[in-house]
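Please walk me through this structure, starting with its helix and then turning to the charged and nonpolar groups along the surface.

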Amino acid sequence: MTDKKEVEQNAEQTLITLDQLSQTLEVMSHVVDRLKQHLSRQLSLNAELFQDEENLKKAEAEERVEASKKLQEKSFVVEITQQELEEGSDKKTVH
């Protein structure tokens, strides 16, 4: 009779252990799913940040081009000859 009781106790203990393992696996599956979601969000945010950075670089490059064009439009050359320097002439030639 003791053997029968031991077998029943072992069977019950095995069922309890299997139930605990099942619960542990379920919890771990939820943890893995949450980690996947977190990683996906991080990747998405990183992609947005890099895209924003690229857009900012493009905008800055465009601004530099525009500023360069404006400078070229407003630039002029003043020509002063040695003779004018010596004479102190007020006459100016603009090209």
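Helices are DSSP runs of H or I with at least four residues, just as strands are runs of E with at least two, and both are numbered from the N terminus. Helix H1 covers residues 2-74, and Glu73 lies within this helix. The model is a predicted one, in which local features need pLDDT of at least 70 and side-chain atom pairs count only at pLDDT 80 or more, while totals for chains, interfaces and linings use all residues. Residues are numbered from 1 along each chain as its sequence is written, and side-chain values use heavy atoms, with hydrogens and water left out.

A salt bridge here is a side-chain nitrogen of Lys or Arg within 4 Å of a carboxyl oxygen of Asp or Glu, and the count by this rule is 1 salt bridge. Glu53 forms a salt bridge with Lys57, their closest N and O atoms being 3.7 Å apart. The two residues, Glu53 and Lys57, are 4 residues apart in helix H1, which means that about one helical turn separates them.

Accessibility is sorted into buried (under 20% relative accessible area), exposed (over 50%) and partly exposed (in between), with a 1.4 Å probe and protein chains only. Glu53 is partly exposed at 40% relative accessibility, and Lys57 is partly exposed at 46%.

Patches are made of residues with over 30% relative accessible area and no salt bridge, like charges being joined within 9 Å and nonpolar side chains (Val, Leu, Ile, Met, Phe, Trp, Tyr) within 5 Å. Val27, Met28, Val31 and Leu35 make a nonpolar surface patch of about 360 Å², the areas coming from the Shrake-Rupley method with a 1.4 Å probe. Met28, which is placed in helix H1, is partly exposed with a relative accessible area of 46%.
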